Amino acid sequence: MLVLATGALVAGCGGQIGQNNDTPAQTGGATPANKNLDLVVGVKNEPFYISMQCGAEAAAKEAGYTITTQAPDKFDPTLQAPIVTALGAKKPAALLIAPTDDKTMAPQMKQIKDMGVKVIEVDTALQDTGIAVSSISSDNAQGGRLAAQTMAKLTSGKTGSVLVLDTKAGTSTTAARAKGFEEELKNSAPNLKSIGIQFTENEPSVAAQKVTAAISSTPDLVGVFATNLNTGEGAATGLRSAGKVGQVQLVGFDASPSEVEGLRAGAFQALIAQDPGMIGRTGVQQAIAAVEGKSVQRNISAPLVALTKEDMDKKAEFFYKTKC
Ligand code: T6T
């Protein structure tokens with residue numbers, strides 16, 4: 001009950017909210033007899049994590065393991081940390097987790113590791129590489145570089161300014177995307193200059209407000225790079241409300257239904273899509289290998305792909321899901 005009280009279970013893929021319809025929970029740590037896995041994602045009801053959950057559930061089912069998914073209401077370590085702490089009472093064989101902060105989630109994750117639970121990072125990661133046995137993530141720096149190359153093509157030689165929207169300080173993935181973008185922009189589009197990285201707190205309304213403010217303060221703004229789904233959706237709203245859709249190039253990250261629709265409608269000129277289903281699936285495979293004492297790969301990179309209006313339907317397998 002403690003688990004249910006502290007973390008919202010994510011509905012949709014396997015069973016109903018709060019229902020674990022497979023084998024009963026066992027305690028006792030990471031022995032092969034314990035086939036219970038837990039997944040703690042960054043925020044509930046978000047297509048990136050739902051797609052990850054779908055992949056994780058499919059892989060667990062195939063291997064005869066159970067997996068329970070929980071998420072905080074917001075992408076916030078103060079809400080995610082108690083969910084991890086509460087798992088100490090249940091002691092799953094392994095915990096797959098997308099830590100919402102690269103430092104402040106470390107004590108709770110270490111505590112669960114010290115109980116004998118194998119820890120696998122999916123998507124985001126801690127700075128401390130000694131807690132997880134395996135980390136599965138897109139090559140986020142490369143994703144940022146791909147976004148900069150795409151922005152260079154879209155603006156084809158124009159001179160002007162570009163706004164980079166990061167999410168929250170301490171988010172390993174989006175920080176790497178923003179950094180990769182700024183570095184590559186200097187090579188691919190030396191005539192464009194970044195007006196700096198701004199934080200949206202992973203709130204679409206803040207992203208929208210940052211975009212409208214930049215449009216007012218920067219008359220030569222030619223592009224926006226939004227480093228994740230919420231930031232991208234908010235940036236598109238900002239462009240729409242300023243009447244700048246199609247005039248300011250928007251390169252987003254992720255491929256939520258709203259972003260995909262925005263790409264088709266011309267609010268986004270490109271999206272860098274991840275493969276969250278593969279991240280979830282591979283995370284479970286690594287978790288099971290660790291639990292069963294088999295060899296584990298410390299770092300695994302998941303594919304990324306750039307989508308444009310012209311080629312998006314050929315790459316529809318990269319669109320994120322809202323249910324499995
Ligand atoms: O972009 C993904 C994920 O990779 C990132 O770490 C946090 O934001 C998302 O979940 C999208 O909202």
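Lys 61 counts as exposed because its relative accessibility is 71%; exposed means over 50% relative accessible area, buried under 20%, and partly exposed in between, using a 1.4 Å probe and protein chains only. You can find Lys 61 in helix α2, residues 47-63. Helices (H or I, at least four residues) and strands (E, at least two) are DSSP runs, numbered from the N terminus.

Before going on, please note that this is a predicted model, where local features need pLDDT of at least 70, side-chain atom pairs count only at pLDDT 80 or more, and totals for chains, interfaces and linings use all residues. Residues are numbered from 1 along each chain as its sequence is written, and side-chain values use heavy atoms, with hydrogens and water left out.

How confident is the predictor? The protein chain has an average pLDDT of 91, and 90% of the residues score at least 70; pLDDT is the predictor's confidence in each residue, from 0 to 100. Over residues 1-30, pLDDT stays under 50, and the model has 59 contacts for them beyond four places in sequence. Contact means heavy atoms within 4.5 Å.

Now let us visit helix α6. Buried residues of α6 include Thr 173, Arg 177 and Phe 181. Seen down the axis, the buried residues of α6 fall within an arc of 165°, so they line one face of the helix; the arc is that of the directions from the helix axis to the C-beta atoms. On the other side of α6, Lys 179, Lys 186 and Asn 187 are exposed. Among the elements covering the buried residues of α6 are β6 (134-138), α5 (140-155) and β7 (160-166).

| Residue (polar side-chain atom) | Distance to an oxygen atom of the ligand |
|---|---|
| Asp 123 | 2.6 Å |
| Asn 228 | 2.9 Å |
| Asp 254 | 2.6 Å |

Finally, is Ser 256 buried or exposed? Ser 256 is buried, with a relative accessible area of 1%. Ser 256 sits in the loop between β10 and α9 (257-265). Beyond its neighbours within four places in sequence, Ser 256 is in contact with Pro 47, Leu 229, Glu 233 and Tyr 320.

Terms used. Polar contact = N/O pair within 3.5 Å; in protein donor to acceptor, adjacent residues only side chain to side chain.
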